[in-house]
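Work through the exercises below with the model open in a viewer. Try each task before reading its solution.

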Amino acid sequence: MSTAPGPDGIKKGDIKRVPGANEVLQLFFNLIMISGKIPTAWRKNRTTLIPKEGKDGMLAENYRPITISSLMSRIYFGIIDSKLRAKARFSPRQKGFMNESGCFNNIHILNELLRHSKAKNGLVVTQLDVSKAFDTVPHQAIGHALRRKGFPEQVVRIVENAYEDVPLL
């Protein structure tokens, strides 16, 4: 799979062509973790509006924004994400921001419930979809939650630093 370059123009192929890149990145990423500060350039993103298929292109609500950050920051925070997920507990129903086929799994569960309900006395189903749930969490709450979960202070500082000076929408 191809990845789009961020505002810095770095592509995955650029990194792969550098001899010893993995070792250099490992040292660089360790320095970031020790300092607790991410590079300022990683705070710059590029947003593109993607038209929704079959919708009127003259209306703003018929576009979805996609924001791309620096490839270096995506690699770094991908590593942080995998470390956090290894320690954190998630509900088996949590599907957002998960590396799995969440829609397929939830549809399968719903189909099984419907099949089972036909053999019994019926079924009552409630669906809850919290739109833009992550956008409503105050950034300061993220560090507090990570500390309560027992994450190392260095990791908490990096995550907090990533949200410094980022405006809430």
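Predicted model: local features only at pLDDT ≥ 70, side-chain atom pairs only at ≥ 80, totals over all residues.

**Exercise 1. The fold**

Task: Find how many helices and strands the chain has, and what pattern they follow along the sequence.

Solution: 
- Step 1. Count the elements. The chain has 6 helices and 2 strands.
- Step 2. Read them in sequence order. The pattern is α-α-β-β-α-α-α-α.
- Step 3. Check burial. Of the 169 residues, 20% count as buried.
- Step 4. Residues 24 or more positions apart account for 59% of them.

**Exercise 2. The second largest pocket**

Task: Determine which helices line the second largest pocket, and how its lining divides into nonpolar, polar and charged residues.

Solution: 
- Step 1. Take the volume. It is about 240 Å³ for the second largest pocket.
- Step 2. List the lining. Asn22, Leu25, Gln26, Phe29, Asn30 and Met33 are among the lining residues.
- Step 3. Assign elements. Helix H2 (21-35) and helix H3 (71-87) each supply at least two lining residues. The largest share, 6 residues, comes from H2.
- Step 4. Sort by type. The lining holds 8 nonpolar, 3 polar and 1 charged residues.

**Exercise 3. A lining residue, Tyr76**

Task: Decide whether Tyr76 is buried or exposed, and find which residues Tyr76 touches.

Solution: 
- Step 1. Apply the cut-off. Buried means under 20% relative accessible area. Tyr76 has 3% relative accessibility, so it counts as buried.
- Step 2. List its partners, leaving out residues up to four places away in sequence. Tyr76 touches Phe29, Ile32, Met33, Trp42 and Ile158.
- Step 3. Take one distance across the sequence. Tyr76 and Gln26 are 50 residues apart along the chain, with their C-alpha atoms separated by 9.5 Å.

**Exercise 4. The sides of helix H5**

Task: Find which residues of helix H5 (residues 139-148) are buried, and which exposed residues sit on the face turned away from them.

Solution: 
- Step 1. Pick out the buried residues. In H5 they are His139, Ile142, Gly143 and Leu146.
- Step 2. Look down the axis. These residues cover an arc of only 90 degrees, so they lie on the same side of H5.
- Step 3. Turn to the face away from the buried side. Gln140 and Arg148 are the exposed residues there.
- Step 4. Find what the buried residues pack against. They meet H3 and helix H6 (153-162).
- Step 5. Just after H5, Gly150 takes a positive phi of about 85 degrees.
- Step 6. Continue to Phe151, in the loop between H5 and H6. Phe151 is buried, with a relative accessible area of 10%. Beyond its neighbours within four places in sequence, Phe151 contacts Leu84, Lys87, Ala88, Leu146 and Val156.

**Exercise 5. Ser70 and Gly6**

Task: Identify which atoms the side chain of Ser70 reaches, and which residues Gly6 contacts.

Solution: 
- Step 1. Follow the Ser70 side chain. It makes a polar contact with the side chain of Asp8 (2.8 Å). It also reaches the backbone nitrogen of Met72 at 3.1 Å.
- Step 2. Set aside neighbours within four places in sequence. Gly6 contacts Arg46, Ile68, Ser69, Ser70, Leu71 and Arg74.

**Exercise 6. A buried loop residue**

Task: Find which backbone atom the side chain of Asn62 reaches.

Solution: 
- Step 1. Check burial. Asn62 has 10% relative accessibility, so it counts as buried.
- Step 2. Follow the side chain. It reaches the backbone oxygen of Asp56 at 2.8 Å.
- Step 3. List contacts beyond four places in sequence. Asn62 meets Ile50, Pro51, Lys52, Lys55 and Asp56.

Terms used. Residues numbered from 1 in each chain as written. Heavy atoms only, no water. 1 Å grid on protein atoms, 1.4 Å probe; cavity = no way out; pocket = protein on both sides within 12 Å on 5 of 7 lines; lining within 4 Å. Points joined across faces, edges and corners; volume = space filled by probe spheres on them. Helix = DSSP H or I, 4+ residues; strand = E, 2+ residues; numbered from the N terminus. Nonpolar A, V, L, I, M, F, W, Y, C, P; charged D, E, K, R; others polar. Polar contact = N/O pair within 3.5 Å; in protein donor to acceptor, adjacent residues only side chain to side chain. Buried < 20%, exposed > 50% of the residue type's maximum accessible area, 1.4 Å probe, protein only. Arc of directions from axis to C-beta. Contact = heavy atoms within 4.5 Å.
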